[in-house]
Amino acid sequence: MRLSFGWKLGISISLMALTTTMASVLWMYSQTRDMVVEQMGNRLKDIGRAGAFLLGPADRQTIQELTAIVQGAFIPPPDMTAMKLKDMRAGIPPDLAERLMQEARFQSLVQALRKIREGTRDEVRPLRLSPSFAEIEANEADLPSLQYTYLLIPLPGDTKYEYLIYLADGDYAPVDHTGDGDFDDEDDFAGNAIGTVTRAFPDMREAFRTGRAMGERDFSEDAWGYWLSGYVPIKNARGETIAVLGMDYNVSSAANKIAALRTFAISAIAGVFLLSLFVAFVMARALTRPIKTLQAGAERVADRDFSTQVEVESKDELGVLADSFNMMVTEIRDYAQNLEALNVAYERFVPQEFLQNMGQANIVNVKLGDQVQREMTVLFSDIRSFTTMSETMTPKENFDFLNGYLGRVSPLIRSHHGFIDKFIGDAIMALFPRGVHDAVENSIDMLNTVTDYNTHRERLGYPAIRIGIGLHTGNLMLGTIGEERRMEGTVISDAVNLASRLESLTKRFGANILISEYSLQRMENRGAFHVRCLGRVRVKGKLEPVQVYEIFSGESERIVELKLETGARFAEGLELFQRGKFGDAHIIFEEILRINPQDAAAAAYSQKLESMARR
C-alpha cells in the first residue's frame with residue numbers, strides 16, 4: 001500500500017513531535033531526578049561532616065577503646081560468608097554486648113548520634129537528652145528527616161572492608177511496638193546491638209578506603225519508605241579512619257514527588273503525541289510548500305551558510321516556525337562566532353603550535369599524559385636585575401611594565417615561527433621547531449626591540465633595561481601533566497635546563513646572546529651572524545664542561561667593530577688560557593680591554609686570571 005505524501009508528512013511530523021517531546025521530557029525528568037538526589041546526597045554528607053565534629057576527642061578515644069574490645073572479642077558467625085546485604089549477625093557474645101551497652105561511655109556515643117539526628121528537625125528544640133527515634137515517632141509529629149545514625153568499625157585485620165561491625169546505634173534501645181510488655185517479638189525493634197556484623201554496602205567500604213565522605217547515588221526502597229544513606233569517616237588525631245558515621249535519610253516525600261513528576265512526564269508525552277497526530281494530518285497538505293522552503297534553508301545552513309534567512313508568508317504556526325528557524329540560525333551563527341572567539345582565547349593559554357606539535361587539531365582532543373618527542377631549539381630570556389627594579393615599583397606598575405615589555409617582544413617569537421611555552425615572571429621560555437636560525441634571528445630582533453623600548457623609557461624618565469638570552473637545541477618531550485581536572489602543557493628535557501643555564505651565564509660574560517656548541521653546529525647560514533667562542537664552562541647539572549659561544553650581531557655598530565677587531569686576539573687568549581698559560585693569556589685580555597673597555601667577557605677572564613695569580 002502506497003501512502004500519499006500528505007500521510008507520510010503527517011506520520012513523520014507526529015513521530016518527530018513524539019520523539020522530540022519524549023527526549024526533552026525524559027531528559028528534564030532525568031536531570032531533575034539526578035539534581036534532587038545529588039543535592040540531598042550533598043546535604044546528607046554536610047550533615048555528617050558537621051555531625052562528626054560533635055564527636056570530640058573524648059568520644060573518639062571511646063570509639064578506639066570500644067573498638068579494641070569488640071575486635072578482640074569478635075567471633076565470625078558460622079554463615080558470615082553467605083550473608084547478603086542488610087543481613088545482620090551477632091559478632092560478639094550477647095552478655096558482653098549487653099554489658100558494654102550499659103556503660104556510660106557507650107551511652108555517650110548513643111547520645112552524640114541522637115544529637116546528630118535531632119539537628120535535622122524542622123523546629124529547633126532546646127538541648128536535652130535526645131530520645132530514640134521510636135520515642136519521637138510515637139509522641140511527636142515533628143520528625144527529623146535523618147532517622148537513623150550509627151557508627152561502623154571494620155573487622156579485625158580486614159583491609160577489604162567486605163564486612164563491618166556496628167559499634168553504636170542511635171536506636172539501640174528496645175521498643176515495645178506490640179505493647180505486650182515483651183521485647184522479644186519480631187515486631188519489636190531493638191536497634192543494632194554493639195558487635196552486630198553486617199555485609200558492607202559499596203559506599204561504606206569506600207568511606208573506609210578513601211577516608212572521604214560518601215553518599216549513595218540513588219534512593220533505596222523498603223517496607224518503611226524510600227531512603228538515602230551517607231557515610232562520613234571519623235578520624236583520630238593522626239588522620240586515620242577509626243570508624244564511619246552512617247546516616248539513613250528518609251526521602252519518601254522527595255521520592256513521591258519525583259514519582260509524580262514521572263507520571264506527569266508520561267502524561268505529557270502521551271498528550272503531545274495525540275495532539276501532534278491530529279494537527280499533523282489536518283495540516284499536512286498546507287505544510288508542503290513552507291516545509292520545502294525551510295528544507296532549502298536548512299540545506300544552506302548545513303553548508304555553513306549562517307547568513308540564511310527564510311521567508312514564509314504565513315501568520316500561523318508555519319510563520320512562527322520560520323521565525324524560529326531564523327532565530328535558530330542567528331543563534332548558531334552567534335554560537336559559531338563565540339566558539340571561534342573561545343578557540344582564539346584558548347590559544348592565549350595553550351599555543352596552537354603546541355597542539356600541532358602534539359599532533360592534535362584542537363584542545364578538546366588533548367588528554368592527560370599525551371606526549372611526543374621533538375628536536376627543537378629552546379630560548380630562555382630574562383630581564384637583568386628585575387628583582388631590584390620591581391622593589392621600586394608598586395604591584396600595578398610591575399604588571400604594567402611586564403605587560404608593556406612582553407607585549408613588544410612576544411609577537412616577535414611568533415613572527416619567527418616559534419611559540420611561547422610559558423612566562424616565568426619576567427622570563428620567557430620559547431620553542432622553535434623549525435631550527436636554530438629562527439631562534440637566533442628572533443633573539444637579535446628582541447635586542448633591537450629592547451633598544452627601541454629603552455629610548456621610549458628614557459623619554460619618560462625610566463631607567464633602561466637589558467635582557468639576556470640563552471639558546472640550546474636538543475630532543476625534548478612535549479606533553480601534558482597534572483590531573484584530570486587541572487592540567488597544563490609542558491616541556492621536559494635536559495635541553496631546557498641547559499638553555500636556562502646559558503641565559504644565566506649572560507650576566508657573567510656581559511653578553512646578550514649565548515648559544516651552545518651543539519646549536520651552533522646545526523645552525524644554517526652561520527656566516528650571517530657575528531659569533532665568537534667564550535670557552536668551555538662548567539654549568540650546574542652537567543658533568544662535562546659546555547662550549548659556549550656569544551652572538552653579538554645585535555649590539556651597536558661600534559661594539560661589533562671592536563669585537564671583530566679583537567676577535568683573533570680573544571681567540572688566542574682563550575686558547576692560552578685553556579692550555580694553562582695564564583700569564584700570556586692575561587696579557588692578551590688586558591690588551592683587548594685597552595682597545596675595547598666594554599668587552600665584559602675579556603674583563604671576566606682578566607679578573608679571573610688576576611684572582612688566580614693572587615692565590
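Me: Which residues are linked in a network of salt bridges?

Reply: This is a predicted model. In it, Arg532, Glu550, Glu555, Lys563 and Asp599 are linked in such a network. The structure holds 21 salt bridges.

Me: What makes glutamate 555 and lysine 563 a salt bridge?

Reply: Their closest N and O atoms are 3.0 Å apart. The cut-off is 4 Å between a Lys or Arg side-chain nitrogen and an Asp or Glu carboxyl oxygen, so the pair qualifies. Both glutamate 555 and lysine 563 are buried.

Me: Why is arginine 532 called buried?

Reply: Its relative accessibility is 8%. Buried means under 20%, so arginine 532 counts as buried. The residue lies in strand S15, residues 531-537.

Me: How do you know that the side chain of arginine 532 makes a polar contact with glutamate 550?

Reply: The distance between the two side chains is 2.7 Å. The limit is 3.5 Å for a pair of N or O atoms, so this pair passes. The side chain of arginine 532 also makes a polar contact with that of aspartate 599, at 2.7 Å. Beyond its neighbours within four places in sequence, arginine 532 is in contact with several residues, including Tyr549, Phe552, Lys563 and Phe570.

Me: Why is serine 553 called partly exposed?

Reply: Serine 553 has 22% relative accessibility. Serine 553 sits in the loop between strand S16 (546-551) and helix H15 (557-565).

Me: What does the side chain of serine 553 have 2.7 Å away?

Reply: The backbone nitrogen of histidine 530 lies 2.7 Å from a polar atom of that side chain. Outside four places in sequence, the contacts of serine 553 are Ile444, Phe529, His530 and Val560. Serine 553 and alanine 528 are 25 residues apart in sequence, with 9.0 Å between their C-alpha atoms.

Me: How do you know that the span of helix H13 agrees with what it should be?

Reply: Helix H13 has 16 residues, 494-509. At 1.5 Å a residue it should span 22 Å, and its end C-alpha atoms are 22 Å apart, so the two agree. Among its buried residues are Ala495, Leu498, Glu503 and Phe509. Just after H13, glycine 510 takes a positive phi of about 65°.

Me: Which members of the largest nonpolar core touch the most other members?

Reply: Tyr405, Val440 and Phe509 do, out of 60 residues. Helix H12 (residues 436-459) gives the most to this core, with 8 residues. A second, separate core of 48 residues includes Val110, Leu146, Leu151 and Met247.

Me: What makes aspartate 46 and arginine 49 a salt bridge, and where do they lie?

Reply: Their closest N and O atoms are 2.9 Å apart. That is within 4 Å, so the pair counts. Both lie in helix H1 (residues 5-52), 3 residues apart, about one turn of the helix. Aspartate 46 is partly exposed at 46%. Arginine 49, at 37%, is partly exposed too.

Methods. Residues are numbered from 1 along each chain as its sequence is written. This is a predicted model: local features need pLDDT of at least 70, side-chain atom pairs count only at pLDDT 80 or more; totals for chains, interfaces and linings use all residues. Side-chain values use heavy atoms; hydrogens and water are left out. Helices (H or I, at least four residues) and strands (E, at least two) are DSSP runs, numbered from the N terminus. Buried means under 20% relative accessible area, exposed over 50%, partly exposed in between (1.4 Å probe, protein chains only). Contact means heavy atoms within 4.5 Å. A polar contact is a pair of N or O atoms within 3.5 Å; within protein, one must be able to donate a hydrogen and the other to accept it, and residues adjacent in sequence count only if both atoms are side-chain atoms. A nonpolar core is a set of buried Ala, Val, Leu, Ile, Met, Phe, Trp, Tyr and Cys residues joined through side-chain atoms within 4.5 Å. The expected span of a helix is 1.5 Å times one less than its number of residues.
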